[in-house]
Structures are given as structure tokens and as C-alpha cells.
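Let's take a walk through this fold together. Have a look at the structure first, and then we'll pick a place to start.

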Amino acid sequence: MRDPQALLTSLRTLLGERHVVTQAADLEPLTRDWRGRYEGTALCAVYPADTEQVAATVLLVREHGGKIVPQGGNTGMCGGATPFSEETVVLRLDRLNRVRQVSALDNTMTVEAGCILADLQARAQEAGRLLPLSLGAEGSCQIGGNIATNAGGTAVLRYGPMRDMVLGLEVVLPDGSVMNDLKRLRKDNSGYAVRHLFIGAEGTLGIITAAVLKLFPQPQANATAMAGAGHLDKALELLAAVRSRLGDRVSAYEVMSHSQMQLVLDHIPGCTLPFAEPHPWYVLIEAEDSFAAMDLASILEDCLADALERGLVADAVIPKSEAQREALWRLRHSVSEANKVAGISVSYDTVVPLDRLDDFAAETERGVRAAFPQARLLFVGHVGDGNLHAVIHFDHDAFPSRAEFEATAGQINEIVDTATLTCDGSISAEHGIGLSNRKRLARSIDPTRYRLMTQIKALLDPDHMMNPGKVLVFEEPQ
């Protein structure tokens with residue numbers, strides 16, 4: 001960067017003094033990832049008010065030879081929004097928080113990137129519609145980040161990931177130009193679907209400033225249950241049985257190992273086990289339908305009664321009130337917070353075909369137990385779509401230095417990636433690549449596909465100005 005102070009002066013002129021943050025205490029939470037694994041640095045953080053100011057900021061940073069890290073709620077799991085250079089400007093989207101349009105007829109919502117996910121869920125509900133993306137950080141994550149990471153969440157089984165909910169995007173490109181593709185169309189075959197380049201690109205190709213999202217009818221009938229199972233393969237048999245009765249009405253099918261459940265019970269106040277006895281695995285099932293007369297609870301109860309007779313589950317509970325339902329979901333949504341409070345971990349975002357899921361879990365457990373007997377092995381995930389998170393968890397004081405932790409993480413990567421690829425899976429289902437998984441990505445996907453990705457990056461961002469050091473292996477963070 002030629003003259004950092006000149007850039008700061010220009011940014012303050014453009015955005016206003018209070019929207020350019022340089023104090024170390026104010027930058028500290030923005031230069032550290034949510035899990036506390038990465039500590040970075042930045043020249044400043046800026047808070048533009050609209051798309052025009054985002055574009056103007058990009059041009060200023062480019063003119064001064066700086067870098068940009070776009071950042072939403074900073075709730076990611078892979079260090080994808082952490083800056084690592086004093087030449088970097090953290091570009092926050094918080095002020096781009098307007099809902100531009102809601103159309104109940106089109107079932108669409110046009111929103112700006114800084115909108116909090118939970119606020120958009122509420123806004124859709126006010127219009128009698130459903131925005132189905134749901135995840136543990138929904139009270140603080142921003143929709144731009146959700147799109148940039150192609151977030152999944154707990155409802156992928158019925159509604160798909162973020163990519164399936166996006167009809168249009170507005171994006172500021174690395175050259176400061178704005179791509180306006182905010183059409184509210186379900187069918188649009190006008191050439192390449194360029195917007196899909198930016199969904200899941202983690203801000204490495206441009207900055208998402210607005211989006212058109214799909215909405216859905218509000219469910220008029222729903223049913224929830226939690227069951228205890230003796231083994232993961234039994235939980236998968238139960239999934240097949242439930243889907244044979246309920247079809248695509250099954251919106252969520254989550255699993256947790258008892259080791260994971262116990263951390264939640266130990267570290268999250270107010271959480272209680274809904275069973276008299278613990279079980280090796282827990283399954284959280286939810287079904288919904290837009291037809292109010294559909295008695296989903298009875299169907300689900302019949303499925304579980306049959307599963308008990310067949311020995312697929314050892315026990316099951318069906319909530320009798322909304323408070324009881326929320327208590328079950330709180331157990332699932334508290335996983336990340338419990339793991340963070342309880343220690344440090346290396347977590348994985350593996351997805352494999354359903355008929356290989358039990359093999360993946362078994363191979364991972366064998367490898368981790370042999371290499372790191374002191375570790376806690378946790379499993380949690382969206383098993384209905386094959387996405388099972390393995391979490392290898394250690395006490396806070398297990399590693400004297402960051403280097404020793406990273407060396408251990410590298411060994412665990414080899415174990416988990418071998419199991420993943422042996423089972424014809426992918427290393428990332430929904431968390432993205434960020435900084436943590438760049439080298440793993442380069443080793444694990446088809447070389448031709450990887451080459452195309454690097455060529456796209458080189459075309460759109462030849463100077464590596466946008467979120468440098470993330471997703472692809474070009475250079476190491478400074």
C-alpha cells in the first residue's frame with residue numbers, strides 16, 4: 001500500500017469520520033474469528049451506507065493498493081472473514097440493512113446484505129411467508145454472509161441450501177463496477193447464471209450487497225420429535241422409514257452423539273436431557289406441511305412406535321407445547337456455543353452419500369481414537385442430507401502453543417479427509433473453505449475443476465484484492 005494515511009483520509013471523506021474505525025479495541029472483535037482460532041490485523045474497518053458507497057470504497061482501496069475483507073456477522077467457522085494484513089480494510093455490511101421489497105404473490109423478498117437472518121425470518125412471517133434458512137447463529141449472522149458461504153442449516157432436507165433460495169444478486173466487483181441482477185424471476189435462461197459464481201465464493205470474487213430470496217408458504221401443520229438410538233446405522237434406518245411415510249414433508253433430520261449432547265448439558269444453562277436414560281445417539285426430527293388438516297403428529301408418532309417395535313430406537317419424545325419444542329431445538333442450536341465454552345476443537349463439515357455415512361463415522365472414530373486417545377470425539381449434523389460434522393475436542397490447556405495445535409489439526413485433517421474421500425464425499429457441505437480448508441480443498445477436488453476456479457479468480461480479481469488468502473492457495477496470510 002502506497003500511503004495508508006492518505007487512504008484513511010479519503011475513506012473518512014467518503015463515509016464520514018464515525019464510519020471509519022481504526023482504534024485497536026474496536027478492531028479487535030473484527031480481526032478475530034468467532035471460534036478464536038485466528039487473530040489477524042487490519043488498517044481499519046469501514047461501514048458504508050449503501051451499494052454506491054461500497055463501490056466507491058472498493059475504488060479507493062484499489063487506487064491505494066490495499067486489500068478488502070468483506071465481513072457480515074463474523075460468525076463463520078473457517079476464518080473466512082478474518083483479515084491478516086495491515087494493508088487490509090475490513091468492509092462491514094451492517095448499515096446495508098433494508099428490506100427493499102416483499103412480494104407475497106411472487107413469494108420473494110429483496111434484501112440488503114447486512115440484514116440479520118432472524119430479522120428477515122420475522123419479516124417474512126409478517127407477510128405470511130417463510131424464509132426457511134435456520135441455523136444457530138441466526139440472531140447475529142447477516143444474509144450476505146449466508147449467501148457468500150452458501151449456508152445450509154437445519155432445513156436443507158426440504159428447502160435446499162442458500163444457493164437454492166437465491167433468485168438474484170447485486171454485487172460490487174473488484175473493479176468497483178456493480179452487477180445488478182436483482183430480477184424476481186423463477187425462470188430466466190438469459191445466458192450464464194453468473195450469480196452462482198458469487199454464492200459460496202466467500203467474498204473472494206466480489207461483495208454481495210443485495211439479494212432476491214425465495215419465500216415459501218408458512219407451514220400450517222408441523223410435528224417434532226426426538227428419539228434415542230443405539231447406533232448411527234439405526235438412525236439412518238429410521239430416516240428411511242420416516243421419509244417413506246412423510247416424503248418431502250420432513251424438513252429437518254438432525255443427529256447428535258451423546259458425547260456432543262453431554263457438552264451441551266454441561267455448559268449451556270437451562271438445557272436438560274428429555275430422556276430418563278442417555279443414549280449413544282439422538283435424532284431430532286421435524287416435519288411440516290402447508291395444509292392445516294394434515295395430522296403430521298399422528299403420522300410421526302406411528303413411525304416412532306413402529307421404530308420402537310423394530311428396535312431402531314430405544315425411546316422417543318414428542319413435545320406437547322411450543323415451549324417443549326423450543327427446548328429440543330435449543331439442545332441442537334447450542335452445540336457451537338457449548339463446544340467453544342468447553343474447550344478448543346478441530347471441526348469438520350463432511351458430507352457423504354447416505355449409504356456411506358456410517359462408514360465415514362466409523363473410520364473417523366478409529367483413526368482419531370488411535371492417534372489422539374485424549375480427545376473427545378463429537379458428532380453432530382444434518383444427517384438427512386448426508387452432512388455429519390465430526391468435532392475433535394480438547395481441553396483449553398491441551399496445547400502449550402498455537403503451533404502445536406496447528407500441527408495436531410494437520411494430523412487430524414489427514415485422518416478425516418481420508419475417511420471422507422474413501423466414502424466418496426466432500427470436505428465442505430455448508431461451512432465453506434475460508435482459511436482453514438484451502439489446502440484441504442486443493443488436495444481433495446478434481447484438478448481440472450480447481451484450475452477453473454483459479455482462472456475465474458484471476459479473471460475477476462487479478463490483483464487478489466478481495467479477501468486475499470481465502471479459499472484458493474495463492475499466498476499465505478501475512
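**A strand on the inside**

Start with strand β12, residues 221-229: 8 of its 9 residues are buried, so the rest of the structure largely encloses it. Keep in mind as you look around that this is a predicted model.

Who sits beside β12? One partner is strand β14 (residues 281-289), which pairs with β12 in the antiparallel sense over 9 bridges.

Now for a pair of helices. Helix α8 covers residues 232-246 and helix α10 covers residues 296-310; their axes come within 10 Å and cross at roughly 145 degrees. The crossing of α8 past α10 is right-handed. On the α8 side, the contact includes Leu238, Ala241 and Val242, while α10 brings in residues including Ile299, Leu300 and Leu304. Sorted by type, the residues of this contact come to 10 nonpolar and 4 charged, with no polar ones.

Time to zoom out. The chain holds 16 helices and 19 strands, and its C-alpha trace spans about 70 × 55 × 45 Å along the principal axes. A compact globule of 478 residues would have a radius of gyration near 23 Å, and the chain agrees with that, at 23 Å. Of those 478 residues, 53% count as buried. Finally, take the contacts between residues at least 6 apart in sequence: 74% of them join residues at least 24 apart.

Methods: Residues are numbered from 1 along each chain as its sequence is written. This is a predicted model: local features need pLDDT of at least 70, side-chain atom pairs count only at pLDDT 80 or more; totals for chains, interfaces and linings use all residues. Side-chain values use heavy atoms; hydrogens and water are left out. Axes are lines fitted to C-alpha atoms, for helices over the stretch in contact, and angles run from 0 to 180 degrees between N-to-C directions. Helices (H or I, at least four residues) and strands (E, at least two) are DSSP runs, numbered from the N terminus. A crossing is left-handed if the near helix is turned anticlockwise from the far one by less than a right angle, and right-handed if clockwise. Contact means heavy atoms within 4.5 Å. Ala, Val, Leu, Ile, Met, Phe, Trp, Tyr, Cys and Pro count as nonpolar, Asp, Glu, Lys and Arg as charged, and the others, Gly among them, as polar. Buried means under 20% relative accessible area, exposed over 50%, partly exposed in between (1.4 Å probe, protein chains only). Two strands pair if DSSP finds at least two bridges between them. The radius of gyration is taken over C-alpha atoms; the globule rule is 2.2 Å times the number of residues to the power 0.38.
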